[in-house]
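I opened this entry to look up the fold and the core. Notes follow in the order I checked things.

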Amino acid sequence: EAQDLNEPIPQLIEHYSHTLREKGIRCELSLSSSPLLVNLDLQAFDEALSNLIENAIKYHGDSDQLKISTYRKGDYACCQIQDYGIGIPKSAQRKIFDKFYRVEHALTQKTKGTGLGLSLVQHIMTSHGGRVTVDSILNQGSTFTLCFPLNQTSA
Ligand code: ATP
Ligand code: MG
């Protein structure tokens, strides 16, 4: 069943509004103006995006901003979560998707986590024919992108 990727996002962010307010983080939302039809397992998408939002909140450092956007890129519908937090060193960027891996960083040590979140996100994405990618600069922030194949009959 084809579904608009944009549809579940506002409610999911609403779910974190209390935590965001408490931490003084502004969340800027920018959804594509036209619908992004994908064959989406809603529960799986919620799970993946929740994990990325929780990470962005946990590792926001001194930053008070978070951006979530959706857009079409070729045959893919993408959802991007951008933070301006502690960032991830280049050498660790492949390993963060491994089970139990956590970057050695003072803030990581101070926050609770098992290192399983991103391995789950990657599993969810590959099992839906999609992918998750990371782009990050240490001490500047991280951008995680979820891409799903567009529903061809409606694209
Ligand atoms: P869990 O998600 O299981 O509670 P976790 O957040 O430590 O624990 P992952 O979500 O798998 O585990 O992330 C792995 C590691 O990648 C984190 O421990 C952290 O070092 C790094 N990381 C993930 N997201 C970010 C981010 N947005 N900014 C900086 N570092 C990040
Ligand atoms: Mg996590």
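**Fold and core**

I read along the sequence first, and the protein chain follows the pattern β-α-α-β-β-α-β-β-α-α-β-β. This is a predicted model. I then looked up the element totals: the protein chain has five helices and seven strands. Next came the radius of gyration, 15 Å for the protein chain. The globule rule gives 15 Å for 155 residues, so the chain is as compact as a globular protein of that length.

I also took the box. Along the principal axes, the C-alpha atoms of the protein chain fill roughly 50 × 30 × 25 Å.

Contacts were next. I considered those in the protein chain between residues at least 6 apart in sequence. Of these, 70% join residues at least 24 apart.

Then burial. I found that buried residues make up 28% of the 155 residues in the protein chain.

Which residues touch the most other members of the largest nonpolar core? I noted Val38, Ala48, Leu52 and Leu146, in a core of 31 residues. The largest share comes from α3, with six residues. As background, nonpolar side chains tend to be buried together in soluble globular proteins.

Last, I followed up Leu52. I left aside its neighbours within four places in sequence. Leu52 is then in contact with Ile81, Val121 and Phe144.

Terms used: Residues numbered from 1 in each chain as written. Chains lettered and ligands numbered in written order. Predicted model: local features only at pLDDT ≥ 70, side-chain atom pairs only at ≥ 80, totals over all residues. Helix = DSSP H or I, 4+ residues; strand = E, 2+ residues; numbered from the N terminus. Rg over C-alpha atoms; globule rule 2.2 N^0.38 Å. Buried ≥ 20, exposed ≤ 12 C-beta atoms within 10 Å, placed from the backbone. Contact = placed C-beta atoms within 7 Å. Core = buried A, V, L, I, M, F, W, Y, C linked by C-beta atoms within 7 Å.
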